[in-house]
Amino acid sequence: MTEDIKFFQTDNLEAALELLVESSGVIKPVAGGTDLMVKIREDRELLQQFAGILDITNISELQGIAQEQDFVRIGALVTHREIIESELLQEKYPALVDAARAIGSTPIRNRATIGGNVCNAAACADTLGPLVAFEAEVVLASQAGERVVPVADLVEEPYQTIIRQDELLRHFRLPLPAEGTFSSFQKIGRRQAAAITRISLVLAARVSQGKVEHIKIVPGSAIPVPEPLTALEKRIKGQKIGEIDSRELSALAGEEMVKITGERWSTPYKKPALTTLVRRALVELKEVAENE
Ligand SMILES: Cc1cc2nc3c(=O)[nH]c(=O)nc-3n(C[C@H](O)[C@H](O)[C@H](O)COP(=O)(O)OP(=O)(O)OC[C@H]3O[C@@H](n4cnc5c(N)ncnc54)[C@H](O)[C@@H]3O)c2cc1C
């Protein structure tokens, strides 16, 4: 670190928010540090952009998982390990738990937070897809008050969100899924390997009286920002579960991906990979629905 970088720590949310506006330059919040500190280690010049670093890990308002009326609140500081261990999340949002399980290694999952994963906004951030599929919102806090934004509207481009410098991500709000909602998280590849080998998919669906009543299909890494494959969802919604042709529909996923991204150097890998993941998720959905 450079000599003039200041390091702040507080357990008080108001004091943290005050610091973000009072300062003469950018104060960068840090949670687990598994993205930020790695980036700084790789490029020390980054530090020139910040007047200081603010450790937010002791702020209690940013912690914890709880059910509140018709939604579940997940604090920004909740670690991937806490997500995996939460019985509430296992029951309501299994695809989010599976995504957290797929992240890095045990030491990373013990330290890294869901808030950091989302604020860093990598195209391959594993929790973004499930949060979009479950129609989660974020609560952003600043001295001016709070604002609520759907996770689907948070990321403008990879590594770029709409979160302002004077704001902290306080918590996520996930609507309680309707009874019988199925969800599945699929992933190919590991971060340490070449970026081209990483791709993931979340499917959340509800089948009622043999028909698909609700469906969300959100790829990770295949497209720059997490968004549902709405054309594919439209094709599947209302279909009888027994008549779903997984092979044909999964091919449409690959085509929709290319419509969003255009042909790229990675398309020859990503298109069939996404097709495979969608096919697997649809087969799983059919099996579960037909056995109920
Ligand atoms: C070896 C290794 C393997 C990894 N594997 C995976 C993987 O498989 N999948 C995956 O998705 N990620 C992976 N990651 C990336 C990383 O661990 C995750 O993105 C993690 O969740 C980041 O959380 P953090 O608390 O460490 O974030 P930090 O590094 O503390 O912060 C990340 C960014 O978010 C901002 N920020 C953090 N909290 C807040 C807040 N409350 N409000 C506003 N801004 C905030 C910070 O300013 C910073 O810009 C890996 C990282 C490493 C080093």
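Helices α10 (residues 246-261) and α11 (residues 267-290) pack together with their axes 8 Å apart, at an angle of about 140 degrees. That angle makes α10 oblique to α11, because only angles over 145 degrees count as roughly antiparallel. Keep in mind that this is a predicted model. As for handedness, α10 passes α11 in a right-handed crossing.

Who does the touching? On the α10 side, the contact includes S246, R247, L249 and M257. On the α11 side, you'll find T267, K270, L274 and V283 among the residues involved. Sort the residues of this contact by type and you get 9 nonpolar, 5 polar and 6 charged.

Now for the ligand. Which of the 32 residues around the ligand come nearest? They are P29, G32, T34, D35 and T113.

| Side chain | Ligand atom | Distance |
|---|---|---|
| D126 | nitrogen | 2.8 Å |
| K187 | oxygen | 3.3 Å |

Conventions. Residues numbered from 1 in each chain as written. Predicted model: local features only at pLDDT ≥ 70, side-chain atom pairs only at ≥ 80, totals over all residues. Heavy atoms only, no water. Axes fitted to C-alpha atoms, helices over the stretch in contact; angles between N-to-C directions. Helix = DSSP H or I, 4+ residues; strand = E, 2+ residues; numbered from the N terminus. Parallel < 35°, antiparallel > 145°, perpendicular 65-115°, else oblique. Left-handed = near helix turned anticlockwise from the far one by under 90°. Contact = heavy atoms within 4.5 Å. Nonpolar A, V, L, I, M, F, W, Y, C, P; charged D, E, K, R; others polar. Near = heavy atom within 4 Å. Polar contact = N/O pair within 3.5 Å; in protein donor to acceptor, adjacent residues only side chain to side chain.
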